There are 2 protein chains.
Amino acid sequence: MNKKDLKTTRFMGASTKQGYEIAEKSREIVRSLIADKTKDLSNEERLIVERIVHSTADPGYADITKMSKDFVKVSMNSIKNKKDVLTDINMVKTGINKYHGEVNCYIKDERTVTLAKKYNITRAAAAIRVAAENDFNGIAVVGNAPTALLEILNLFNKGQINISSVIGVPVGFVGASESKKALEKTEIPYLLTEGPKGGTPIAVAAVNSLINLKKE
Amino acid sequence: MNKKDLKTTRFMGASTKQGYEIAEKSREIVRSLIADKTKDLSNEERLIVERIVHSTADPGYADITKMSKDFVKVSMNSIKNKKDVLTDINMVKTGINKYHGEVNCYIKDERTVTLAKKYNITRAAAAIRVAAENDFNGIAVVGNAPTALLEILNLFNKGQINISSVIGVPVGFVGASESKKALEKTEIPYLLTEGPKGGTPIAVAAVNSLINLKKE
């Protein structure tokens, strides 16, 4: 494997020779499995969708992953400028590798717990308010809680949060689909998964793919 | 919502009133969606599968999630005795809530990095060797890397690792399915997902469900 190959396979998160070889083989399988579904995407968009399918082994994500036209450009600028990345839960934060900016999650912050009790909202939603109060400015990533995504839209509409783009892939049968439909209707550059499906691996794959694109 | 309801909905990971209500509604939807697929399971097995489907919004997991007959009993004993939980990657560790025993992951351990380079194996596999050398004894959880699962089986066959049970849900098109077939053939009590699908949310859902069952 030459240096260029190593570089292109690193997008799968591999860090050893055996890891690279597995990643390269997986990349080829994923690419051929979803080739017909990605043919109208830009190169960057295709790499993001491929990484999402790689991380879930579910080609169905190629059908339901949607990006606004400005998503890649705006998000890559945010990454290049080392703006913040905000995640709804710590699992997403833990999965984000090698970012030179800050990755924040306030779900376990004391202020979040207090706010959630005071206003009878979920901790995921309260954590977004805490981020906004903490002058967050960058890409918001929701891999779990629809209520976090709805709170982002609520604060955005009030002009109370600075957002480059939103990766909105909350999961579940209660509110997830609706929250993503609401995101699609805003002016915010977005990546989302239509319907109830989504989750932390999808969120992590999208962010790490953007970080990797920035390096190439 | 009365106290008993709060207790039963806590299995979804909710921690506020609004969170409980969402969790309860989701639980009902999931239960009805997969009722025909869970009717032959024990109560505990059914709760585990429901939580996996809840965490992925993918009813397909009810078809591919398999447990050996001794899995629940052995795993709950391990949890009750506060034995270790070992995870292949930190994302899985981060997602495990409220366990009174230790949750370990050695993927970023210096010894792991050295071992992986020395033997040209993946860091995920090397991390399992480090755990075994560190006298791991408990439930091993593989949410990502097939090579980690294969290394567990390798060390088990050599009598070099103490395992209560294995939650083996690595994901991907290269080796994941084969590694799970190999697990199924051992004497180790297991939970696995057949085929390429799996991942961190499935691993986390299974462990947190066991921790919650222990409390009931």
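**Notes on salt bridges and strand pairing**

1. R31(B) has a relative accessible area of 28%, so this residue is partly exposed. E50(B), by contrast, has a relative accessible area of 1% and is buried. These values, like those that follow, come from a predicted model.

2. The side chains of R31(B) and E50(B) form a salt bridge, with 2.9 Å from N to O. R31(B) belongs to helix α2 (residues 17–38) of chain B and E50(B) to helix α3 (residues 43–56) of chain B, so the contact ties together parts that are 19 residues apart in sequence.

3. Another salt bridge in chain B links the side chains of R129(B) and E151(B), at 2.8 Å from N to O. Here helix α8 (residues 123–133) of chain B supplies R129(B) and helix α9 of chain B supplies E151(B), so the pair ties together parts that are 22 residues apart in sequence. R129(B) is partly exposed, at a relative accessible area of 22%. E151(B) counts as buried, because its relative accessibility is 8% and the cut-off for buried is under 20%.

4. In chain A, salt bridges with shared partners connect R31(A), R46(A) and E50(A) in one network. E50(A) and R46(A) are both buried.

5. What is the count of salt bridges over all chains? A search of the whole structure gives 14. The pairs described above are among them, including R31(B) with E50(B) and R129(B) with E151(B).

6. Turning to the strands: β5 (residues 162–168) of chain B is mostly covered, with 6 of its 7 residues buried. Strand β4 (residues 137–142) of chain B runs parallel to β5(B), and 6 bridges join the two. One of the bridge partners is G168(B) in β5(B), which pairs with V142(B). Between β4(B) and β5(B) the chain passes through helix α9 (residues 146–157) of chain B, in a right-handed β-α-β crossover.

7. β5(B) also pairs with strand β6 (residues 190–193) of chain B; these strands run parallel and are joined by 3 bridges. G168(B) has L192(B) as its bridge partner in β6(B).

Methods
Residues are numbered from 1 along each chain as its sequence is written. Chains are lettered from A and ligands numbered from 1 in the order in which they are written. This is a predicted model: local features need pLDDT of at least 70, side-chain atom pairs count only at pLDDT 80 or more; totals for chains, interfaces and linings use all residues. Side-chain values use heavy atoms; hydrogens and water are left out. Buried means under 20% relative accessible area, exposed over 50%, partly exposed in between (1.4 Å probe, protein chains only). Helices (H or I, at least four residues) and strands (E, at least two) are DSSP runs, numbered from the N terminus. Two strands pair if DSSP finds at least two bridges between them. A crossover is right-handed if, with the strands pointing away from the viewer, the path from the first strand over the helix to the second runs clockwise. A salt bridge is a side-chain nitrogen of Lys or Arg within 4 Å of a carboxyl oxygen of Asp or Glu.
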